[in-house]
Amino acid sequence: MPRAAPIRAAVAVIVDDRGWQKLVGDPEPLLRRAARAALAVARRPRGLKPGGTAALSVALMGDRGVKRLNREFRGKDRPTNVLSFPAAMVPGRAAKARVDLGDVALALGVVRREAKAQGKSPADHLAHLMVHGVLHLLGYDHETDRDAERMERLERRALAALGIADPYRLD
């Protein structure tokens, strides 16, 4: 049985805080690889033709900006590591060659502190959070134990493809 053509990723990166370059060098190639890895392990986005392109944008922000977004959209007055804003899927009959998935925002200080506390490289932690954010754009969540297990399984597969250790493994 022939495999479906892989999904292409069009990832626009907006660097709102230059501290990201100090933390991980050039984050754009890493973010694009992580998005492609997430797309490779997940179900195809609804409405996308096989071999089509999934488009998304990523904002690399400081904690203050992510705190503002978290307060405005989730009612939580604190920064968080990653926020995902899925695009509204417009119902339609014909599959499209390009689908907009939405936006991901990442908080520099939170990512830096978490990586240090967890003994991970900032680049590996950033890749993990990007995979996590893209899976949210695709409709995955972790509201129930079953959903969390499914999402973690996909994250592990995507990260393994990137050569990144399992972030959920208990040592």
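I began with terms: a helix here is a DSSP run of H or I with at least four residues, and helices are numbered from the N terminus. With that settled, I looked at what comes after helix 4 in this predicted model, and found G119, whose phi is positive, near 65°.

I stayed with helix 4 and asked which of its residues are buried. I noted L108, G109, V110, V111 and A115, and I then looked up what covers these buried residues, finding among the covering elements helix 1, strand 2, helix 3 (63-74), strand 4 and helix 5.

Next I turned to the largest nonpolar core, which has 43 residues, and wrote down W20, L56, L60, L106, M130 and L135 as the members that touch the most others. I listed the elements that each supply at least two residues of this core, among them strand 1 (8-15), helix 2 (27-41), strand 2 (48-61) and helix 4 (108-118). A second, separate core has eight residues, including V66, L83, A105 and V110.

Last, I looked up the largest pocket, which holds about 330 Å³ of space. It is lined by 17 residues, of which R74, V82, H132, H136 and H142 are the closest to its centre. The elements that give two or more residues to this lining are strand 3 (82-86), helix 5 (122-137) and helix 6 (145-161), and I recorded the lining residues as six nonpolar, six polar and five charged.

Notes
Residues are numbered from 1 along each chain as its sequence is written. This is a predicted model: local features need pLDDT of at least 70, side-chain atom pairs count only at pLDDT 80 or more; totals for chains, interfaces and linings use all residues. Side-chain values use heavy atoms; hydrogens and water are left out. On a 1 Å grid over the protein atoms alone, a cavity is a set of points where a 1.4 Å probe fits but cannot get out, and a pocket is an open set with protein on both sides within 12 Å along at least five of seven lines; lining residues have an atom within 4 Å of a point. Grid points are joined across faces, edges and corners, and a volume is the space filled by probe spheres set on the points. Ala, Val, Leu, Ile, Met, Phe, Trp, Tyr, Cys and Pro count as nonpolar, Asp, Glu, Lys and Arg as charged, and the others, Gly among them, as polar. A nonpolar core is a set of buried Ala, Val, Leu, Ile, Met, Phe, Trp, Tyr and Cys residues joined through side-chain atoms within 4.5 Å. Buried means under 20% relative accessible area, exposed over 50%, partly exposed in between (1.4 Å probe, protein chains only). Contact means heavy atoms within 4.5 Å.
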